[in-house]
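Colleague: Please put the model up, and then take my questions on the strands and helices.

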Amino acid sequence: MTGRAQHSQDFNIVIIGQNGRLAYEALLFAASLRAHSPAFVGRLLVAEPQPEAKWSGTDTRLPPHIRDGLEEYGAEIIPFVAHHFGADYPYGNKIEALLAMPEGEPFIFFDTDTLITGEITDIPFDFAKPSASMQREDTWPKQELYGPGYTQTWKSLYDKFGLDFESSLDLAKPDEFWERYLYFNAGWFFYECPQRFGAKFLEYALAIRDDAPEELICQPLDPWLDQVALPLVVHALGGGRDTIPHGLLDGEVSCHYRLMPLLYARESDRVVDLLEQVAAPNKLKKRLKQYDPFKRMIYQGRGRKARALFDQNSLPKREAAIRNALKRNGFWLR
């Protein structure tokens with residue numbers, strides 16, 4: 001691949017499809033993509049972990065009715081084998097799946113719990129400069145009273161992989177403030193080649209998991225391992241923060257809702273309306289209703305009732321507070 005910016009339509013989209021919640025989320029994702037991005041002419045690749053190696057003994061394959069639905073929306077189901085993470089660390093699917101994707105073809109990976117809400121081909125991607133979601137909280141590293149600070153912790157990782165730490169910093173933010181340090185949510189990321197990105201992601205994630213610097217000795221890596229490795233990968237491949245305009249992904253063009261109760265609690269009226277419009281066709285409804293949280297929240301009206309608990313213009317700053325309110329009122333379905 002050259003370093004030129006790719007034509008906006010010349011890319012694939014990758015999500016994970018797996019038996020259970022992810023199967024239904026994948027079908028909803030595919031429906032939202034086709035409804036709201038009619039100009040997208042790339043391939044929608046649904047990576048399916050196989051029930052072997054690290055997923056041995058687990059029923060991971062997509063159910064036939066979901067597989068059929070995905071194919072009706074033009075998705076291609078790509079099997080892959082998880083040799084390193086699997087059931088021990090399901091978030092590792094997004095790392096190992098990339099190694100089964102078409103080499104040299106630009107891609108965007110999305111977490112499956114995402115809706116496409118606008119025309120994705122309008123985004124001016126430069127696939128030679130990778131980036132990832134900035135919709136994150138200060139979840140890692142955890143600050144211990146007498147432990148290493150942000151600088152010492154993150155620098156130990158950059159040093160481990162021979163990366164330049166100083167050039168990763170946002171110098172507009174103060175020292176030891178978490179946003180000074182390159183940190184992403186792994187809900188989406190892109191690059192010009194999935195196999196190059198995946199190989200580096202796997203290398204870094206395994207090295208952190210199996211041989212972390214001593215500065216990480218008290219740091220939790222489950223579930224944060226992918227988000228610890230991701231900024232190092234993006235930086236190593238010449239990317240960084242906001243290499244596409246702010247407000248498109250995680251904004252006008254996509255919504256990473258995570259769980260359906262959270263979507264109803266905190267997303268805009270526009271997103272809620274788009275969700276219900278996408279989910280309305282009877283053929284899709286028959287499939288999605290087989291997943292209980294979708295049935296109850298979307299089709300039986302519990303989502304709208306959950307939404308009424310919150311002022312969407314004055315939501316709690318922390319997601320945990322929203323989750324707790326939903327749980328207290330019996331709307332926490334997953």
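Colleague: Which residue in β4 stands opposite I13?

Modeller: This is a predicted model, in which local features need pLDDT of at least 70 and side-chain atom pairs count only at pLDDT 80 or more, while totals for chains, interfaces and linings use all residues. Residues are numbered from 1 along each chain as its sequence is written, and side-chain values use heavy atoms, with hydrogens and water left out. Strands (E, at least two residues) and helices (H or I, at least four) are DSSP runs, numbered from the N terminus. In β4, the residue opposite I13 is I108.

Colleague: How many bridges join β1 to β4?

Modeller: Two strands pair if DSSP finds at least two bridges between them. β1 also pairs with β2 (residues 44-49), in the parallel sense over four bridges, and there I16 stands opposite A47. With β4 (residues 107-110), β1 runs parallel, and the number of bridges is three.

Colleague: Are the residues of β1 buried or exposed?

Modeller: Buried means under 20% relative accessible area, exposed over 50%, and partly exposed in between, with a 1.4 Å probe and protein chains only. N12, V14 and I16 lie on one side of β1, I13 and I15 on the other, and both faces are covered. Of the five residues in β1 (residues 12-16), five are buried.

Colleague: Which are the edge strands of the sheet?

Modeller: The sheet is open and has six strands with mixed pairing, in the order β3-β2-β1-β4-β7-β6. Each edge strand pairs on one side only, and these strands are β3 (76-80) and β6 (131-133).

Colleague: What angle does the direction of α6 make with that of β7?

Modeller: Axes are lines fitted to C-alpha atoms, for helices over the stretch in contact, and angles run from 0 to 180 degrees between N-to-C directions. Contact means heavy atoms within 4.5 Å. α6 packs on the sheet and touches β6 and β7; the angle with β7 is about 25 degrees.

Colleague: Why is α4 called oblique to α6?

Modeller: Angles under 35 degrees count as roughly parallel, over 145 as roughly antiparallel, 65 to 115 as roughly perpendicular, and the rest as oblique. The axes of α4 (residues 150-160) and α6 (residues 225-236) come within 11 Å and cross at roughly 55 degrees. The pair is therefore oblique.

Colleague: How many residues of the contact of α4 with α6 are nonpolar?

Modeller: W154, L157 and Y158 in α4 meet Q227, V228, P231, L232 and H235 in α6. Ala, Val, Leu, Ile, Met, Phe, Trp, Tyr, Cys and Pro count as nonpolar, Asp, Glu, Lys and Arg as charged, and the others, Gly among them, as polar. The contact of α4 with α6 has two polar residues and no charged ones, and the nonpolar count is six.

Colleague: At what angle do the axes of α5 and α6 cross?

Modeller: The contact includes F197, F201 and Y204 of α5 and L225, V228 and L232 of α6. The axes come within 9 Å, and the crossing angle is roughly 130 degrees.

Colleague: What is the relative accessible area of R241?

Modeller: R241 is found in the loop between α6 and α7 (248-252). Its contacts, leaving aside neighbours within four places in sequence, include S131, S168, D170 and E179. R241 is partly exposed, with a relative accessible area of 21%.
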